[in-house]
Amino acid sequence: MPKEAVLDPQGSAVRDAMRHLGMPEVRSVRIGKYMEIDIEGQDGDLESRLRRLCRDLLSNPVIEDYELQKAGDRKPEKTLNAQPSAAEGEDEAK
């Protein structure tokens, strides 16, 4: 997702269209990308390597935040260039 401080012209266009189509309650829309990554194995440093790939390859940390969500988890873990936490198994990158 674009960081809050980053202008999101696509999100603004969608918000305006939603208001025009009868949803005046919509205050903001942010447009991002979603990826599902199926991982096999439970290597001890798997999550840290996945976070590194999200940061260095799949997102632009200057203008985007990303979330990792383990399959089955209800709450995604939002990463704002923070240190990784310990987890293992199948992950999804957003």
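**Exercise 1. Determine what share of the protein chain is buried, and describe the order of its elements.**

Step 1. Of the 94 residues in the protein chain, 24% are buried, where buried means under 20% relative accessible area, exposed means over 50%, and partly exposed lies in between (1.4 Å probe, protein chains only).

Step 2. The structure is a predicted model, in which local features need pLDDT of at least 70 and side-chain atom pairs count only at pLDDT 80 or more, while totals for chains, interfaces and linings use all residues. Residues are numbered from 1 along each chain as its sequence is written, and side-chain values use heavy atoms, with hydrogens and water left out.

Step 3. The chain contains 2 helices and 3 strands; helices (H or I, at least four residues) and strands (E, at least two) are DSSP runs, numbered from the N terminus. Read from the N terminus, the order is α-α-β-β-β.

Step 4. The protein chain exposes about 6,700 Å², of which carbon and sulfur atoms supply 52%. Accessible areas come from the Shrake-Rupley method with a 1.4 Å probe, and for residues only the protein chains shown count as cover.

**Exercise 2. Identify the residues of the largest nonpolar core and the elements that give two or more residues to it.**

Step 1. A nonpolar core is a set of buried Ala, Val, Leu, Ile, Met, Phe, Trp, Tyr and Cys residues joined through side-chain atoms within 4.5 Å.

Step 2. The largest such core has 6 residues, namely Ile39, Leu46, Leu50, Cys54, Tyr66 and Leu68. Two or more of its residues come from each of helix H2 (46-58) and strand E1 (66-70). H2 gives the most, with 3 residues.

Step 3. Strand E1 also holds Gln69, which counts as buried at 14% relative accessibility. The C-alpha atoms of Gln69 and Glu36 are separated by 9.4 Å, although the two residues are 33 residues apart along the chain.

**Exercise 3. Explain why the buried residues of H2 lie on the same side of the helix.**

Step 1. The buried residues of H2 are Leu46, Glu47, Leu50, Arg51 and Cys54.

Step 2. These residues lie on the same side of H2 because they cover an arc of only 135° around the axis; the arc is that of the directions from the helix axis to the C-beta atoms.

Step 3. Asp56 and Leu57, on the other side of H2, are exposed.

**Exercise 4. State how many salt bridges the whole structure has, and describe several of them.**

Step 1. A salt bridge is a side-chain nitrogen of Lys or Arg within 4 Å of a carboxyl oxygen of Asp or Glu. The search of the whole structure finds 5 salt bridges.

Step 2. One of them joins the side chains of Arg51 and Glu47 (2.7 Å, N to O). Both residues lie in helix H2, 4 residues apart, about one turn of the helix. Arg51 is buried, at 4% relative accessibility, and Glu47 is buried, at 5%.

Step 3. Another pairs Asp16 with Arg15 (2.9 Å, N to O); Asp16 is partly exposed, with a relative accessible area of 41%.

Step 4. Arg55 and Asp56 also meet through their side chains in a salt bridge (2.8 Å, N to O). Arg55 is partly exposed, at 35% relative accessible area, whereas Asp56 counts as exposed at 52%.

**Exercise 5. Locate the nonpolar surface patch and describe the setting of Met23.**

Step 1. Patches are made of residues with over 30% relative accessible area and no salt bridge; like charges are joined within 9 Å, and nonpolar side chains (Val, Leu, Ile, Met, Phe, Trp, Tyr) within 5 Å.

Step 2. Val14, Met18 and Met23 form a nonpolar patch on the surface, with about 220 Å² of accessible area together.

Step 3. Met23 lies in the loop between helix H1 (9-20) and H2. Met23 is partly exposed, with a relative accessible area of 40%.

**Exercise 6. Describe the surroundings of Gly32.**

Step 1. Gly32 is found in the loop between H1 and H2 and is partly exposed, with a relative accessible area of 42%.

Step 2. When its neighbours within four places in sequence are left aside, Gly32 is in contact (heavy atoms within 4.5 Å) with Met1 and Pro2.

Step 3. Gly32 and Lys3 are 29 residues apart in sequence and 9.9 Å apart in space, C-alpha to C-alpha.

Step 4. Turning to the whole protein chain, among contacts between residues at least 6 apart in sequence, 54% join residues at least 24 apart.
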